[in-house]
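Please have the sequence and the coordinates open while reading.

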Amino acid sequence: MSSDSAGGTEIRALSILPARRTDIELHTADGLTLVGELALPAVRPPVATLVTLHPLPTHGGFMDSHILRKAAWRLPALADLAVLRFNTRGTSSARGRSEGTFDGGRGEHFDVVAAMEYAEFHDLPRRWLVGWSFGTELALMHGADPSVEGAILLSPPLHQASDADLAAWDELGKPLVVLVPELDDYLRPDEARARFAAVRQAEVIGVEGAKHLWVGEAAVRRVLDEIVQHVLPGHPPLPTTWAGPVDIAGEDDETR
C-alpha cells in the first residue's frame, strides 16, 4: 500500500486519487483502433495490472462504467496497480468512440487480444483480466491465455460463455475469481457455484445484499477490496481516507 494513504480526506464516490493517466489506443488484428486509458501509480512502477472489460455497450456499458472507473481513480494510489480501460468496438465514452460495430462478443475477441498484447508489449506486470457482466463473457470466451495471471469476474450472466470456454479455463489452471451478487438479475450464488464447478480452481464468492450493478459505495469498496486481495494476497484492506491531494469529478461522472 502507498505509504501516504492513511488518514486525511475521506474517499468518496467522486474522489480521484493521484496517478499517471494516459490516453491510449489499441489496434486490433482486424484493423480497428480502440480508445482507452492507462492509469499508473503516480511515482512507483506498478506491481500488477488490471485489464478491464466493461459491461454490455448496448445497455449502457463502456470503459467509464462506475466500478471500472473507480478502480482507475483509486487503485493506482491505494495498491500500486496499473488499470487499463478501453471501449470495445463500436462503444463510445468521454474518451471517444472505438472503431467498428458491436458484434455480440464474437469480433470482440480481437479487442481482448489487443488489450492483452498492449499490456504485454508495454511490460505491464502480472496482468489480470477484470470483467463485469458482458465483460465476464469476453474474459471467459477470449481470455484463457498463459500471458494472464488470472481473471476476476463481476456479476457473470453466463449467457454466452460455453462449456468449452469453462473447460479451457479449467485446463489453463489460472485463478478464476467470481463475485456474484446475492440479488443478481441473471445468475445468483448457488447457481453460479454449480455452473463454475466445471473450473476446478474457480472461487465463487457470494456477496450478501449486492445487486448486478454494484450500486453504492459499500458495494464498490467490497469489489475493489476483493480485487486487491486476490491480485495482491496479504495486502491490507483498502483505506477509506487519503492524506494527499484529491481531485473531485463532476457530478455528471457518477451516472453509471
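In which strand is the place of H27? H27 belongs to strand β3, which covers residues 20–27.

## Basis of the description

The model is a predicted one, in which local features need pLDDT of at least 70 and side-chain atom pairs count only at pLDDT 80 or more, while totals for chains, interfaces and linings use all residues. Residues are numbered from 1 along each chain as its sequence is written, and side-chain values rest on heavy atoms, with hydrogens and water left out. Helices (H or I, at least four residues) and strands (E, at least two) are DSSP runs numbered from the N terminus.

H27 counts as exposed because its relative accessibility is 52%; the scheme takes under 20% relative accessible area as buried, over 50% as exposed and anything in between as partly exposed, with a 1.4 Å probe and protein chains only. Leaving aside neighbours within four places in sequence, H27 is in contact (heavy atoms within 4.5 Å) with L32, T33 and A114.

With T33, the side chain of H27 forms a polar contact of 3.3 Å. A polar contact is a pair of N or O atoms within 3.5 Å, where within protein one must be able to donate a hydrogen and the other to accept it, and where residues adjacent in sequence count only if both atoms are side-chain atoms. A114 is 87 residues away from H27 in sequence, yet the two C-alpha atoms are 6.1 Å apart in space.

Helix α1 (residues 66–79) packs against α6 at an angle of about 55°, with the axes 10 Å apart; axes are lines fitted to C-alpha atoms, for helices over the stretch in contact, and angles run from 0 to 180 degrees between N-to-C directions. The two helices are therefore oblique to each other, given that angles under 35 degrees count as roughly parallel, over 145 as roughly antiparallel, 65 to 115 as roughly perpendicular and the rest as oblique. On the α1 side, H66, I67, K70, A71, R74, L75 and A79 meet E217, V220, R221, V223, L224 and V228 of α6.

## Helix α3 and its packing with α2

In helix α3 (residues 134–142), 8 of the 9 residues are buried, namely F134, G135, T136, E137, L138, A139, L140 and H142. These buried residues pack against β5 (48–53), α2 (108–121), β9 (127–132), β10, α4 and β11 (176–181).

The axes of α2 and α3 come within 10 Å and cross at roughly 80°, which means that α2 is roughly perpendicular to α3. E108, H109, V112 and M116 of α2 meet F134, L138 and H142 of α3.

## Buried loop residues

Most residues other than glycine have a negative phi. S155, in the loop between β10 (150–154) and α4 (163–172), has a positive phi near 55°, and W214, in the loop between β12 (202–207) and α6, has a positive phi near 50°. S155 is buried, with a relative accessible area of 0%, and W214 is likewise buried at 0%.

T91 lies in the loop between β6 (81–86) and β7 (92–93) and counts as buried at 3% relative accessibility. Not counting residues up to four places away in sequence, T91 touches H54, P57, G61, F62, G96, R97 and S98.
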